[in-house]
Structures are given as C-alpha cells and as structure tokens.
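Keep the viewer open as you read.

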Amino acid sequence: MSAQLSQIPRVVVVGGGITGLAAAYRLRELAAAHEMPLETILLEGCARVGGALETIRAGGYVIETGADSILSEKPPALRLVKRLGLEADIIGTQERFRRTYVVHNGRLVPIPDGFSLMAPALLRPVLRSKLFSPFGKLRMLAEPLIPRRRRRSDESLAAFVRRRLGREVLERVAQPLAGGIYTADPAMLSVAATMPRFVEMERRYGSLIRGLKAAARFNRAAREASGARWSLFVSFTNGIAQLTDTLAMRLGNSVRCRAHVTGLERQTPAARTRRRAWRLRLEDDLSVEADAIVCTIPAYAAAPLLRPHSETLAAMLEELEYTSAATVNVAFRETDFASVPQSFGFVVPAVERRKIIAGSFSSFKYSGRAPSGMVLARVFLGGALQQEMMALDDSELLAAASEEFAALLGVKAVATLSYVRRWPRSMPQYAVGHLQRVAAIERETARLYRFALAGAFLRGVGIPDCVQAGESAAEAIFSDFQHTA
C-alpha cells in the first residue's frame, strides 16, 4: 500500500528526537513565512517522540531520565523556545547550590571555584584545594610556560590536558567531566570536536589560564552590557520534555509514531514526472513517498538505509561509534542524609574504580523537582569506561547506585522512589579526527538528491547543537525547493 500523492511538495523527516522535531517545525515555519505550500511528515519508530528528552511527572516529582538542561550560551535552542512562546516557562538553576564535587580517595571534594571543565581561571582556589597534590598544583601553575603546540592536527583530549596541565588534572577533573558529558574515554576523544574553545585559547594566547582569564573579562562585560537573563543551564517548569511535547503538539497529525523505516528507494529521473523522488518503506508493507528527506536517526541506523545509494556514505556512518549508559533516579528524605549535599552533583574519576560515573541532585539544581523535605537525585552508570555495567539487570543497576550513595553520602535508607532508564548506543563518540570524518560525510551526503543528514553524531551532542543541526538541514532542503520552483 502506498500513501496517496498530493500536488504539493512533501518532506519526510525520519526520527522524532529533538533534531527531527526541530527540523519538521522549521520546515513549517519557512513554508508559512514564504507562503509556500509544503507537506511535512515526521516518522518515528518508537511509541513516543522526544528521544533522549524524557520527563516523568508523578507524585510531585519531575523526573528526567535523559538530558535535563539547555546550555544558554548556545542560542539556537532558546531562539526556538522564544518562537514557541515558552519563555515564561523557562527556569534557571538554583545558583546557591551551584557547586560540583569530585570523588577523591572515596570522599567528595569540591572542584575549585573558577575551574572551567579542564583548566582554572582563578589560581588562589586551586592552591587552597585538597583535590590536588603540591606537585599537581605546581604543574598547573606552570601551564602558562608550556609552549603552544605548533601542529594543527587533531589530538585526544587526554593528550591535550596532560600536555598542558599534567596528569592530575586529567585524572581528577578532565576525565570525569568528559565522562559526564560524553560518557567517553578521553584517550580516544577528539579535543577539536569536543573542546574547540580550549584549542583556540592555546593558539591565540599560548595558555589556557591566560585564555580563561581573558574570556572571564569578556563574559563579565558582555553580561553587564546585555543584562543576561538566564543562568548557564536552563530547563522548563514541567521538565525538559516540555520542549519536545510542545513541538509535537504544534506539528499535530504530521507526526507518526511506531513508523519504523525499513528501506529507502530512489525514483529514476524519468519516473519523477509521475512520482516523488524518494519512497520510504515501512513495516507491514506500508510506504510513504517524499520529494525530500531529512534523516535524523543515529548513524548506525541510517547506514543500512543508505547503503543501496552510497556504499561510501554507509561505510563512514558505520564507523562512528556509540556508547551505552543508564540513569537511575532515586528519591530520599532529607533526613536520610548525614549531611544534605548542597550542590548540583558530583563526578567520579575512573581512577576511583567505583560503579558509577556521576550523580546529580535534581531538586537542588532546579526548583519544583521534588516535594518538600525530599531529595531527588540521578545516578549515571555505563559509558565507554564502564561498559560492563550495562550487562547488569535493572535491579542490579539500582543496587549499584544505592551502594555508592551509601558509601559516598552516608545514605543507608531505601529510596522511596526509583526509576531505571537504559540508553543503549545513545552517545556518539567523537574520536580523534572526528571533524575530518564529518566533513567527508557531509560531502558524500551532498551527492544525494534532496537528502539531508542531521543529528548528534555530527557536530554537537547538546540540545542547542541538535536544534541547530535540524534547523540547518530543514533550511537547506527548503532552499532547494525555492531554487527549483
């Protein structure tokens, strides 16, 4: 059975995560702005849209099972929020709890004030910190004396941090923070693809410490000039899925869940006078025809669909690696803690050899996440350096999270609420040379007729990056229609 053809152009968006939803909505916006008839269909293989943005609201809790924040420094997501009319529902973090800890020798130690991911902008807090040894502190202080790297080739995050700041900063700060963001092994992670501003600081200032101080002065002046409204991270009153839920609602009946794409067929140029350029095969002998496709599913899922049309592109997509992870949401009474943790959370270095990679306190990070007197926390497990944890069943993951909370935070009580969520093959790994691979993927994709790729596996894993990717793909497809109209 084939979908009935209409006379207006049709774009099919494959994948209903934030990238696909942003792409479909942007197509709607462009069609309305240019008064151009355009049909948009979004196909999602699962029972719900939203991808890694999933919020559970129950019993007075707002539970995030995946991504929980938007980075406000990157504007694409907040621009979309404004166009959707959701600005009144944005909430910032509770700044009085804005502190992050790192596990060191089995205890929680605060990351020094002014430490930005891998390097310090302020030296006095570093000198007072118990996180680093005297030698580690001296090595950090020597960073401005380290010659800048002359070669322009990519290098791993581990090599970059070790070269500029030393082993202690790598093991005690950079690795666990990178693990929290990318669930990755820093020895394999591309510094150019994941931390480009630090690479630029070295090139421009010859020092990360000098670069961070200059950036702090610029950011302070920019905030004073603009009257910045938001904290570094923001979410929504009803949770992060308020964004994807709103997009799905605006797209209405054009969203089709449980619509798994099993194959792509190209119509020949002669046949295009009668039919559309693409035919998407679905399960149960269904199909949908399209004049253009925006594909936002993971690289490993897109590869087999594209193999009949470009063996080269399919092979490059299959080479991109992903890791799996899990989150365990737990709730405790405040009285269950020996000392209530007044912070956003903590990260766990691999050298500590523990069963978790990070923990965060949702009810301290954002207000309204838990009933009064309760603490809602999230525990992160798995990732590139702990893939063996993903072999455990849900009860064993919960037991591991509870065991680590007891050891690190003194919580002996049984959680009053628990929710385990697995994210198999969810996090793309930006290996050394990633940007060169992406450029090759984009060149090969451009050879396909009215076909665009977008997603977290290309140029950014955060919500703003995915929104930007989806909207850019939509704009490219729409521009092609305009030029051939």
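Arg425 lies in strand 21. Before going further, some housekeeping: this is a predicted model, where local features need pLDDT of at least 70, side-chain atom pairs count only at pLDDT 80 or more, and totals for chains, interfaces and linings use all residues. Residues are numbered from 1 along each chain as its sequence is written, and side-chain values use heavy atoms, with hydrogens and water left out. Strands (E, at least two residues) and helices (H or I, at least four) are DSSP runs, numbered from the N terminus.

Back to Arg425, then. Its phi is near 45°, a positive value in a residue other than glycine. For context, most residues other than glycine have a negative phi. At 42% relative accessibility, Arg425 counts as partly exposed; on this scale buried means under 20% relative accessible area, exposed means over 50%, and partly exposed is what falls in between, using a 1.4 Å probe and protein chains only.

Which other residue has a positive phi although it is not a glycine? Arg353, at about 55°. Arg353 lies in the loop between strand 18 and strand 19, and it is exposed, with a relative accessible area of 78%.

Stay in that loop for a moment. Ala350 lies there too, between strand 18 and strand 19, and is partly exposed at a relative accessible area of 39%. If you leave aside neighbours within four places in sequence, Ala350 is in contact (heavy atoms within 4.5 Å) with Gln175 and Leu385. Ala350 and Arg128 are 222 residues apart in sequence, and their C-alpha atoms are 24 Å apart in space.

Arg354 sits in the loop between strand 18 (345–347) and strand 19 (358–361) while Glu404 is in helix 14 (residues 394–409), so the pair ties together parts that are 50 residues apart in sequence. Arg354 counts as partly exposed at 22% relative accessibility, whereas Glu404 counts as buried at 4%.

How many salt bridges does a search of the whole structure find? It turns up 32. Another of them joins Arg421 to Glu54, with the closest N and O atoms 2.8 Å apart. This pair links distant parts of the chain, 367 residues apart: Arg421 is in strand 21 (residues 417–428), and Glu54 is in the loop between strand 2 (39–43) and strand 3 (55–58). Arg421 is partly exposed, with a relative accessible area of 21%, and Glu54 counts as buried at 12%.

Glu54 has a further partner in Thr65: a polar contact of 2.5 Å joins their side chains. A polar contact is a pair of N or O atoms within 3.5 Å; within protein, one must be able to donate a hydrogen and the other to accept it, and residues adjacent in sequence count only if both atoms are side-chain atoms. Thr65 lies in the loop between strand 4 (61–64) and strand 5 (70–71). Is Thr65 buried or exposed? At 0% relative accessibility, it counts as buried. Just after helix 8, Gly206 takes a positive phi of about 75°.

The last stop is an open sheet of three strands, with the order 13-14-15 and antiparallel pairing. Two strands pair if DSSP finds at least two bridges between them. Strand 13 (261–266) and strand 15 (287–290) stand at the edges with a single partner strand each, so one side of each is left without a neighbour in the sheet. Strand 14 (residues 278–282) and strand 15 pair over four bridges, and the bridge partner of Arg279 in strand 15 is Glu289.

Note on methods:
Salt bridge = Lys/Arg side-chain N within 4 Å of Asp/Glu carboxyl O.
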